[in-house]
Amino acid sequence: MCGVVGIVGNQPVNQALYDGLTMLQHRGQDAAGIMTIDGHSLRLRKGNGLVRDVFHTRHMRRLSGNIGIGHVRYPTAGSSSSAEAQPFYVNSPYGIAMAHNGNLTNADVLQNSLFETAKRHINTSSDSEVLLNIFAHELLSKNQMHLTEDDIFAAVGRVHQQVKGAYAVVAMIIGHGMVAFRDPHGIRPLALGKRETLQGTEYIVASESVAIDGTGFEFVRDVEPGEALYITEQGELYSRQCAENPVHNPCIFEYVYFARPDSFIDGVSVYASRINMGRKLGEKIKNDFAHLDIDVVIPIPETACDIALEISRLLNLPYRQGFVKNRYIGRTFIMPGQTQRRKSVRRKLNAISAEFKGKNVLLVDDSIVRGTTSEQIIEMARDAGAKKVYFASAAPEIRFPNVYGIDMPSANELIGYGREVDEICQLIKADALIYQDLADLTACVEEENPALKQFEASVFSGSYVTGDINQNYLDQLHASRNDASRDNEEQDESNLALYNEAD
């Protein structure tokens with residue numbers, strides 16, 4: 001999962017891009033990058049680390065220009081190479097830069113085709129570089145000095161015809177302006193905002209509305225599935241539907257886990273949807289698990305806090321903050337490498353013993369992916385003195401790989417894969433385990449926007465909305481994921497050895 005932002009302004013945009021990326025930092029802490037257009041030149045700064053660590057004053061001063069794009073990244077395939085930090089750039093035609101959130105499911109086929117038909121070389125293992133070159137090749141086919149909005153939208157349309165998977169894109173073309181587009185299923189989010197200044201209208205496109213609000217822009221609307229926006233250097237906005245048969249299938253995991261609660265995605269308040277999740281899950285506990293002698297409801301901070309609060313209200317039970325979170329540790333779910341995830345859980349959370357001692361506690365989390373975190377948290381609760389530990393998940397069992405940009409592509413890493421709830425409960429060592437039902441989860445989001453009728457929920461259902469995923473693809477993904485994991489584990493141990501030597 002990544003975050004993207006793009007701005008066309010009438011004043012320098014470097015600070016606004018920086019601020020927008022900090023608002024999207026939750027979507028990726030592995031790498032960050034900003035690229036701006038300064039006259040006929042592109043200015044770039046990118047590298048591994050958090051936004052605040054990648055950009056210093058000297059970098060910000062060099063990022064001059066009134067048009068720019070930014071990206072925060074976490075490695076979908078487990079790699080944390082700085083060579084794959086975005087934005088990417090190609091010099092032909094015109095000079096094009098791109099930042100991308102999502103994952104292409106036919107990237108290998110596209111890469112081979114690019115070399116054979118266009119003689120374009122892909123220098124990294126990133127599918128984002130493939131997407132950039134596909135877009136650049138389609139623009140090059142016009143072979144003219146100046147592009148019109150019709151030319152750009154036609155190129156995006158040809159991209160849609162070739163590319164499969166999930167993609168929300170911001171791009172810049174030197175001498176023209178900024179382009180943004182979303183895949184025909186609208187799997188990954190993208191929103192448009194604007195603000196009026198004395199010099200005219202400025203526009204922003206970002207993964208979440210929080211990046212629009214937080215930079216002083218006004219939210220306008222979500223970019224539609226298959227739609228493209230073109231904003232010229234002069235601030236003229238054009239939009240067009242570029243896909244033949246767009247169908248809206250937003251990723252439901254955005255509402256469960258990834259997005260900030262103060263964001264609106266596809267007309268849905270993320271906060272309100274999580275309140276609904278708490279209500280639905282609380283009703284299930286009240287009706288089907290009334291025999292559990294629960295003394296207190298405790299969330300796993302911090303995505304689950306709103307969900308747990310609603311459960312406690314519905315069950316008429318005390319709500320307590322039983323864990324203190326170290327905010328300087330990244331999200332363990334999106335850390336590259338299982339070794340880092342395991343080592344980070346106890347550094348990330350610490351139990352308040354008084355809230356556990358002698359009590360039967362209901363722990364509430366947004367989801368259970370690999371089970372690593374859940375097992376260790378339950379162990380922490382018992383070490384803190386809990387008599388019994390019940391565990392509730394606001395999402396259903398995650399049983400299938402994700403292929404659209406979430407770092408859980410290998411089925412054997414998922415604790416829910418091929419297991420029933422009782423077996424999962426034993427593995428994480430809980431006294432009882434309650435999962436949200438998928439129908440209830442989708443209803444929680446639909447309640448906020450009845451126009452949404454279907455979702456990308458493949459991790460729960462095994463149904464892939466793009467229709468191009470088969471077992472052979474999943475097997476290949478499993479093999480590549482295992483190779484990346486082994487490389488990362490070795491790097492983890494190497495880094496640890498160097499750290500110990502330094503001590």
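Here are some friendly questions and answers about this predicted model.

Me: What should I know before I start reading?
Reply: Residues are numbered from 1 along each chain as its sequence is written, and side-chain values use heavy atoms, with hydrogens and water left out. Because this is a predicted model, local features need pLDDT of at least 70 and side-chain atom pairs count only at pLDDT 80 or more, while totals for chains, interfaces and linings use all residues.

Me: In what order do the seven strands of the open sheet lie?
Reply: Helices (H or I, at least four residues) and strands (E, at least two) are DSSP runs, numbered from the N terminus. Two strands pair if DSSP finds at least two bridges between them. The pairing in this open sheet is antiparallel, and the order is E3-E2-E4-E1-E10-E9-E11.

Me: Which are the edge strands of that sheet?
Reply: An edge strand here pairs on one side only. That holds for strand E3 (41-48) and strand E11 (218-222).

Me: What is the average twist from one strand to the next?
Reply: Angles run from 0 to 180 degrees between N-to-C directions, and axes are lines fitted to C-alpha atoms, for helices over the stretch in contact. For this sheet the twist from one strand to the next averages 15°.

Me: How many salt bridges does the structure hold?
Reply: Side chains of opposite charge can pair when their charged atoms come close. The term salt bridge is used for a side-chain nitrogen of Lys or Arg within 4 Å of a carboxyl oxygen of Asp or Glu. One example is the network that links Arg27, Arg188, Glu208 and Glu254. For the structure, the number of salt bridges is 23.

Me: How many residues apart in sequence are the parts that Arg73 and Asp30 tie together?
Reply: Arg73 forms a salt bridge with Asp30, their closest N and O atoms being 2.6 Å apart. Both Arg73 and Asp30 are buried (under 20% relative accessible area; exposed is over 50% and partly exposed in between, with a 1.4 Å probe and protein chains only). Arg73 lies in strand E4 (residues 67-73) and Asp30 in the loop between helix H1 (14-23) and strand E2 (31-38), so the parts tied together are 43 residues apart in sequence.

Me: Which residues of H1 are buried?
Reply: Helix H1 is mostly covered, with seven of its 10 residues buried. The cover includes E1, E2, helix H2 (51-54), helix H3 (57-62), E4 and helix H7 (209-213). The buried residues are Asn14, Ala16, Leu17, Tyr18, Gly20, Leu21 and Met23.

Me: How does H5 lie relative to H6: parallel, antiparallel, perpendicular or oblique?
Reply: Helix H5 (residues 127-140) and helix H6 (residues 149-162) pack at an angle of about 130°, with their axes 9 Å apart. Angles under 35 degrees count as roughly parallel, over 145 as roughly antiparallel, 65 to 115 as roughly perpendicular and the rest as oblique. The angle therefore makes H5 oblique to H6.

Me: Which residue in E21 is the bridge partner of Ser393?
Reply: E20 and E21 pair in the parallel sense over four bridges. Both faces of strand E21 (residues 432-435) are covered, with Ala432 and Ile434 buried on one side and Leu433 and Tyr435 on the other. The bridge partner of Ser393 is Tyr435.

Me: Leaving aside neighbours within four places in sequence, which residues is Asn449 in contact with?
Reply: Asn449 is found in the loop between helix H14 (438-446) and helix H15 (458-461), and is buried, with a relative accessible area of 16%. Contact means heavy atoms within 4.5 Å. Beyond its neighbours within four places in sequence, Asn449 is in contact with Asp266, Gly267 and Val268.
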